[in-house]
Amino acid sequence: MRTYLVTGGAGFIGSNYIHYMFRKYGDSIRIINVDALTYAGNLENLKDVESQDNYTFIRADIRDREAIERIFAENDIDRVVHFAAESHVDRSIRNPEIFVETNVLGTLVMLNAAKKAWELPDGTYKEDKRFLYVSTDEVYGSLEEGDTYFYETTPFAPHSPYSASKASGDMLTKAYWDTYRFPINITSCSNNYGPYQFPEKLIPLIINNALQGKKLPVYGDGKNVRDWLYVDDHAKAIDMVQEKGRLGERYNIGGHNEKQNIEIINIILETLQDMLSEDDPRKALVSKDLITYVEDRKGHDRRYAIAPDKIKEEIGWYPETMFKEGIRLTIQWFFEHEDWMKNVTNGDYQKYYEEMYQTK
Ligand code: NAD
Ligand code: TYD
C-alpha cells in the first residue's frame with residue numbers, strides 16, 4: 001500500500017487534496033497528515049475521514065527536525081506532498097519572519113528528512129519515491145500591460161515577503177534535484193477557491209461579509225487580476241504530476257480564468273442573490289452598496305495568469321470546472337457549513353480582521 005505524507009493537510013488546499021485522494025483511491029492508499037494546526041489549520045475539515053484506518057493525523061511542526069525525522073523513521077513514506085506554509089500575503093506584509101521560518105526553513109527540514117530516509121549508500125534513492133513542493137504563481141512576480149502569461153521558464157521576481165519565501169522554498173527544492181538528483185517535482189498554481197477556504201482570502205471573505213451585510217473591502221481600484229482555479233482541479237493536477245510528471249520538472253497549474261477582483265465580487269453578489277430564497281433574511285443584506293474601496297495593499301501585484309500548456313501537453317491535465325459552476329459549488333458549501341464559518345471566525349480571527357482593516 002502506498003503511503004503519502006501530506007504536510008499542511010488541515011489547511012484549505014491540503015484538506016481538499018486529502019478528500020480528493022480518498023475519493024479516488026479509497027483504501028488502496030494510506031495518508032499521514034502532518035500539520036502544526038496554526039490559525040489556518042482546522043481538523044474539522046477532515047472530520048469525515050478521521051476514523052479511517054488508512055488516515056493518520058500527527059500534530060507536528062515542519063520546523064521541528066527531530067519530529068519530522070521520527071515520522072520518516074517510523075513510516076515507509078512513498079510520496080511527500082508539501083503544502084504546509086504560511087499562505088497569506090497580507091499577513092506576510094505585517095509579520096515576515098514566520099514566513100521565512102516556515103516556508104524556507106521548514107521546507108529545508110522536509111527535504112533533508114526525506115532525503116535521509118530515501119537515500120541509498122550509493123547516493124541513489126529507493127525506488128518510486130517522490131517529493132512534491134506546492135509552489136505558487138506569485139514567485140514569478142506581476143504581469144503588466146502587454147505581458148502574456150507566466151510560463152515555467154518565466155524568471156522569478158517575487159515582490160511580497162510571502163512570495164519571496166515561497167520562491168526560496170521552491171529554489172531549494174529545485175536545488176535538491178540539481179545537486180543530489182533527489183526526486184522532486186514543483187507545481188506553481190494560481191489562486192484557488194472552494195470549500196474550507198479560510199475567510200481572510202478574497203472569495204470566502206466576500207461571501208461571509210456579504211451574507212452578514214458587512215462592508216466588502218476592495219483594495220486599490222479593484223482592477224487587479226487573478227486567475228482562479230477550483231481547488232478540486234488543483235488536487236487532481238497534483239496527483240497527476242506525481243504519477244506522470246518527469247522528475248525534476250516544474251509544472252504550472254492555472255484555471256484559464258482571469259478576472260478582476262471587482263468582477264469576482266460582482267459575480268459573488270449576483271450568485272448569492274440568485275441562490276438565496278425569497279424568505280431568507282440574508283437576501284436583503286446582500287447588496288452592491290456594501291462594496292467599499294479601501295487603501296491598496298503595499299506592493300500589490302497587478303496581474304497573475306498562467307498558461308497551463310506544459311501540464312496539458314505532457315500530462316493531459318486541464319482545468320475542468322468553469323468559474324460559474326465552481327463559485328456556485330463554493331457558495332452552496334458555505335450555505336451548508338455555517339457552523340464551520342462561525343468556528344473559524346472566532347476571537348483570534350476577529351482580532352486580526354479588526355487590526356487589518358482599521359488601517360484600510
Ligand atoms: P492554508 O493557510 O489554508 O493552510 C496551511 C496549512 O499549513 C495549515 O493547516 C497550517 O496549520 C499548516 N502549517 C502552517 N505552518 C506550519 C508548520 N510550521 N508546520 C506544520 N504545518 C504548518 O494554505 P493553503 O491555501 O491551503 O495553501 C497550501 C499551499 O498551497 C501553500 O504552500 C501555499 O503557498 C500554496 N498555494 C496556495 C494558493 C491558494 O490560492 N490558496 C495558491 C498557490 C499556492
Ligand atoms: P488574496 O485572496 O489575498 O490572494 P493573493 O493575494 O494571494 O492573490 O487576494 C486576492 C486579490 O484580492 C488580491 O488582488 C487582493 C484582493 N483583495 C481585496 O481586494 N480585498 C480583500 O479584502 C482581500 C483579502 C483581497
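A polar contact of 3.0 Å links the side chains of Ser142 and Glu144, where a polar contact is a pair of N or O atoms within 3.5 Å; within protein, one must be able to donate a hydrogen and the other to accept it, and residues adjacent in sequence count only if both atoms are side-chain atoms. The model is predicted, so local features need pLDDT of at least 70 and side-chain atom pairs count only at pLDDT 80 or more, while totals for chains, interfaces and linings use all residues. Residues are numbered from 1 along each chain as its sequence is written, chains are lettered from A and ligands numbered from 1 in the order in which they are written, and side-chain values use heavy atoms, with hydrogens and water left out.

Ser142 sits in the loop between strand 5 (130-136) and helix 5 (161-180); helices (H or I, at least four residues) and strands (E, at least two) are DSSP runs, numbered from the N terminus. With a relative accessible area of 16%, Ser142 is buried (under 20%; exposed is over 50% and partly exposed in between, with a 1.4 Å probe and protein chains only). A polar atom of the Ser142 side chain also lies 2.7 Å from the backbone nitrogen of Arg302. Leaving aside residues up to four places away in sequence, Ser142 touches Asp147, Phe150, His159, Asp301, Arg302 and Arg303, contact meaning heavy atoms within 4.5 Å.

Turning to ligand 2, 18 residues surround it, the closest being Glu138, Arg226, Arg297, His300 and Tyr357; a residue counts as near if one of its heavy atoms lies within 4 Å. This shell divides into 8 nonpolar, 5 polar and 5 charged residues. Strand 8 gives the largest share, 3 residues, and helix 6 and strand 8 each supply at least two. An N or O atom in the side chain of Glu138 is 2.6 Å from an oxygen atom of ligand 2, and a polar side-chain atom of Arg226 is 2.7 Å from an oxygen atom of ligand 2. A nitrogen atom of ligand 2 lies 2.8 Å from a backbone N or O atom of Pro217. Of the 510 Å² of accessible area that ligand 2 has on its own, the protein covers 97% (Shrake-Rupley method, 1.4 Å probe).

Helix 8 (residues 261-275) has 15 residues and should span 21 Å at 1.5 Å a residue, which agrees with the 21 Å between its end C-alpha atoms. The buried residues of helix 8 include Ile262, Ile265 and Leu269. Among the elements that the buried residues of helix 8 pack against are helix 6 (202-211), strand 8 (216-219) and helix 10 (323-336).

Methods: Expected span 1.5 Å × (residues − 1). Nonpolar A, V, L, I, M, F, W, Y, C, P; charged D, E, K, R; others polar.
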